[in-house]
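Keep the structure open while you read.

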Amino acid sequence: ETATCLHMTFYHPCQQDKMMFRCLNFCKREQVRADEMAKFGRDSSVCHYNLVDTRVSRIQFSLQFYRKLNSSEFCFEIKNMSKKTKLTVDQTELGYLNKIDLPWKCIICFGDYQILAEIQEGEAMDYFETHLHLAKAPILQERCLPSLQPIPERGIFPSLSPSQGKSPIEIDENESC
């Protein structure tokens with residue numbers, strides 16, 4: 001029988017210099033018992049997945065493996081364990097002790113950390129697997145490269161509008177064009 005596998009790809013802009021992922025076991029599948037919570041944080045005595053960074057909470061977040069009620073589908077629940085830092089799963093912001101179901105494919109962010117999480121289905125009930133990867137480039141490009149050009153409210157760049165060469169005219173929202 002195959003195990004459900006949680007693939008997690010980690011990125012931090014300073015990973016080359018600060019080596020915060022040096023305690024993570026990349027490119028090797030690891031088995032985790034179904035009754036254990038997978039914890040990520042800086043406290044290696046509590047967290048199996050240790051991030052070597054003083055800005056990371058003792059326990060940053062946890063993942064709980066479970067089976068949906070009246071279903072054979074296995075899922076993960078993610079809980080923010082940090083009192084200081086909000087955790088974002090795709091567009092959902094989690095405060096301390098907030099939890100949600102982990103989508104099948106999502107991006108988890110806290111501070112400058114970006115983690116792409118992907119769930120690969122399996123049948124095993126007693127354990128799941130984690131498979132960690134290291135990203136060479138940011139997972140969320142727009143997070144790291146702020147746009148230098150403001151985007152107009154109406155989504156039209158002046159250079160693309162038919163009235164090229166004329167100065168922009170401010171139009172009230174209630175007026176028709």
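Does Met19 count as buried, partly exposed or exposed, and at what relative accessibility? Met19 counts as partly exposed, because its relative accessibility is 42%. One thing to keep in mind throughout: this is a predicted model.

Met19 sits in the loop that links helix H1 (15-18) to strand S2 (30-33). Its phi is positive, near 50°, and Met19 is not a glycine. Asp90 has a positive phi too, near 55°, again in a residue other than glycine. You'll find Asp90 in the loop between S7 and strand S8 (92-94), and Asp90 is partly exposed as well, at 32% relative accessible area. Here are the two next to each other:

| Residue | Phi | Relative accessible area |
|---|---|---|
| Met19 | near 50° | 42% |
| Asp90 | near 55° | 32% |

Now for the chain as a whole. It has two helices and twelve strands. Reading from the N terminus, the order is β-α-β-β-β-β-β-β-β-β-β-β-β-α. Of the 177 residues, 38% are buried. The chain exposes about 11,600 Å², and 50% of that comes from carbon and sulfur atoms. Among contacts with a separation of 6 or more, 55% are between residues 24 or more positions apart.

What about the inside? The largest nonpolar core has 32 residues, and the members touching the most other members are Met8, Phe10, Phe61, Leu63, Ile78, Leu102 and Ile108. The elements giving two or more residues to this core include strand S1 (5-11), strand S5 (61-67), strand S6 (74-80) and strand S12 (127-134). S11 gives the most, with four residues.

Skipping neighbours within four places in sequence, Phe61 is in contact with Met8, Ala38, Lys39, Phe40, Ile78, Lys79, Asn80, Met81, Leu87, Phe110 and Ile115.

Then there's Gln60. Where is Gln60 found? Gln60 is in the loop between strand S4 (49-50) and S5. Leaving out residues up to four places away in sequence, Gln60 touches Phe40, Gly41, Lys79, Asn80, Met81, Ser82, Thr85 and Phe110. Phe40, Lys79, Asn80, Met81 and Phe110 are also in contact with Phe61.

Terms used:
Residues are numbered from 1 along each chain as its sequence is written. This is a predicted model: local features need pLDDT of at least 70, side-chain atom pairs count only at pLDDT 80 or more; totals for chains, interfaces and linings use all residues. Side-chain values use heavy atoms; hydrogens and water are left out. A nonpolar core is a set of buried Ala, Val, Leu, Ile, Met, Phe, Trp, Tyr and Cys residues joined through side-chain atoms within 4.5 Å. Buried means under 20% relative accessible area, exposed over 50%, partly exposed in between (1.4 Å probe, protein chains only). Contact means heavy atoms within 4.5 Å. Accessible areas come from the Shrake-Rupley method with a 1.4 Å probe; for residues, only the protein chains shown count as cover.
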